[in-house]
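Student: I would like to learn how to read helix packing and a nonpolar core from coordinates. Please take one case and go through it.

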Amino acid sequence: MTTPARGALRTALNSGRLIVAPGVFDGLSAHLARRTGQTAAYMTGAGVAASGFGLPDIGLVSQTEMAERARMLAEVLGDVPLIADADTGYGAPVNVVRTVRLYESAGVAAIQLEDQAFPKRCGHLPDKEVVDATVFEQTLAAALDARIDDDLLIVARTDARAPLGLDAAIERAHRYAAAGADIIFIEAPQGTDEIERIAREVDAPRLLNLVVGGLTPLQSAARLQELGYAVAIHPGNALARAAFAMLEAYCALNGSTAADFAPGTPADFFNLVGMAEWAAIDERVATWA
């Protein structure tokens, strides 16, 4: 049985109007998204990792932790559709089945899966790796088979642009659309020309991720509507502003300067929640093999 939020997202997608979805990551942000009348909201994995668990977005948050966060956000949002990041699906196809079941029972309106190798990284960080496209097609097949409600949309994200180039990313987009994904998400195009090329060549509902300080140049809603994009997500806008406001408040207490800590890029932001320390741990444990 579908939910009002899923029906609303499906209707909005079919309308041809751009769906603008700000990032939500905790109860307060979800309440504010609902009270300000947003058309949809996006559960940002990076935001949940940072705000909910004090971790950088490098695959450290688990399937069940993310699913429970999705449940809380969907409950607070009510009829506002939640597009929820599910990273790589958290394992083999059988794990993807459980992920979809958990997210569907949590009440999300759309679930986003990506073709990165595990452990994944934020889409605007360097050194990403992707699995073979055939492997991700198995992930999509598992997700599509697992969903009970056909109004639960499946978003297929490819991170192939950085390691393999735009041609490979567009080829994967075609394959994932043919496999049955409802929305196609090519992560981190680098330049307005690439955004426009994706709009011309990918014949499916398209999602664009707009990250302040990221690899993709920011675009207006009017321009994305003109190009025919279906969804624009803004995962880090509210979180970045909230983080800077907190820095200002804390620095005012001891006379330090917020600008000394303020992040300018996604990597800078993740360093606030321990990116460098986790990188050192990763390097150390890699020598144990």
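The dialogue below goes through helices, their packing and the core.

Tutor: This is a predicted model, in which local features need pLDDT of at least 70, side-chain atom pairs count only at pLDDT 80 or more, and totals for chains, interfaces and linings use all residues. Residues are numbered from 1 along each chain as its sequence is written, and side-chain values use heavy atoms, with hydrogens and water left out.

Student: How many residues does helix 4 have, and what is its span?

Tutor: Helices (H or I, at least four residues) and strands (E, at least two) are DSSP runs, numbered from the N terminus. The expected span of a helix is 1.5 Å times one less than its number of residues. Helix 4, residues 63-77, has 15 residues and reaches 21 Å from first C-alpha to last, close to the 21 Å expected. After helix 4 comes G78, with a positive phi near 65°.

Student: Which residues of helix 4 are buried?

Tutor: Buried means under 20% relative accessible area, exposed over 50%, and partly exposed in between, with a 1.4 Å probe and protein chains only. In helix 4 the buried residues are Q63, M66, A67, R69, A70, L73, A74, V76 and L77. They pack against strand 1, helix 2, strand 2, helix 3, strand 3 and helix 5.

Student: How is a pair of packed helices described?

Tutor: By the angle between their axes and the distance between the axes. Axes are lines fitted to C-alpha atoms, for helices over the stretch in contact, and angles run from 0 to 180 degrees between N-to-C directions. The axes of helix 2 and helix 4 come within 8 Å and cross at roughly 30°. Angles under 35 degrees count as roughly parallel, over 145 as roughly antiparallel, 65 to 115 as roughly perpendicular and the rest as oblique. Helix 2 and helix 4 are therefore roughly parallel to each other. Contact means heavy atoms within 4.5 Å; here G27, A30, H31, A33 and R34 of helix 2 meet M72, L73, V76 and L77 of helix 4.

Student: Which members of the largest nonpolar core touch the most others?

Tutor: In soluble globular proteins, nonpolar side chains tend to be buried together. A nonpolar core is a set of buried Ala, Val, Leu, Ile, Met, Phe, Trp, Tyr and Cys residues joined through side-chain atoms within 4.5 Å. The largest one has 71 residues, and M43, L82, Y103 and Y229 touch the most other members. Helix 4 gives the most to this core, with seven residues.
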